[in-house]
Amino acid sequence: MIQHAERRVFLKEIAYLRAERGRYRLMAGEEALPYSAQLKARLRADGCDRAIRAVCDVYDGLLGVARRAAEDALAAEADDRLYGIAGR
């Protein structure tokens, strides 16, 4: 399974990206800025959205791999007990 420290790294990265996205969205809505700066901020916020989705996808993929490995280990242990080869 994914260790607590690894999970914390993913959550910190997601929190950082969400803060950046919020900051860029705030800048995009700032009427005092020129339109080009608002557009650039909007594009950066969209980039943060894509990065957040990518980090979440990687995290979900790692969880899936760990879950399948645990299920395979349980199935192998059950097979060992079924066929009487446990402890060899």
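User: Where do I start with E20: is it buried or exposed?

Analyst: E20 is buried, with a relative accessible area of 16%. The general idea is a set of cut-offs: buried means under 20% relative accessible area, exposed over 50%, and partly exposed in between, using a 1.4 Å probe and protein chains only. R23 is partly exposed at 40%.

User: What kind of model is this, and how are residues numbered?

Analyst: This is a predicted model, in which local features need pLDDT of at least 70 and side-chain atom pairs count only at pLDDT 80 or more, while totals for chains, interfaces and linings use all residues. Residues are numbered from 1 along each chain as its sequence is written, and side-chain values use heavy atoms, with hydrogens and water left out.

User: How many salt bridges does a search of the whole structure find?

Analyst: A salt bridge is a side-chain nitrogen of Lys or Arg within 4 Å of a carboxyl oxygen of Asp or Glu. The search of the whole structure finds four. One of them joins the side chains of E20 and R23, at 3.0 Å from N to O.

User: Where do E20 and R23 lie in relation to each other?

Analyst: Helices are DSSP runs (H or I, at least four residues), and strands are E runs of at least two, numbered from the N terminus. E20 and R23 are three residues apart in helix α1 (residues 4–28), so about one helical turn separates them. R81 and E77 are four residues apart, about one turn of the helix. R81 counts as exposed at 55% relative accessibility, whereas E77 is partly exposed at 41%.

User: Which residue forms a salt bridge with D49?

Analyst: R21 does, and the closest N and O atoms are 2.8 Å apart. This pair links distant parts of the chain, since D49 is in helix α2 (residues 35–83) and R21 is in helix α1, 28 residues apart. Both D49 and R21 are buried. A network of salt bridges links R21, R25 and D49.

User: What length does α2 reach, and what is expected?

Analyst: The expected span of a helix is 1.5 Å times one less than its number of residues. α2 has 49 residues, and the distance from its first C-alpha to its last is 71 Å, close to the expected 72 Å. Just after α2, G84 takes a positive phi of about 70°.

User: Which residues of α2 are buried, and what covers them?

Analyst: The buried residues of α2 include A41, A45, C48, I52, V55, Y59 and L63. The cover over the buried residues includes α1, where contact means heavy atoms within 4.5 Å.

User: At what angle do the axes of α1 and α2 cross?

Analyst: Axes are lines fitted to C-alpha atoms, for helices over the stretch in contact, and angles run from 0 to 180 degrees between N-to-C directions. Angles under 35 degrees count as roughly parallel, over 145 as roughly antiparallel, 65 to 115 as roughly perpendicular, and the rest as oblique. The axes of α1 and α2 come within 8 Å and cross at roughly 160°. α1 is therefore roughly antiparallel to α2.
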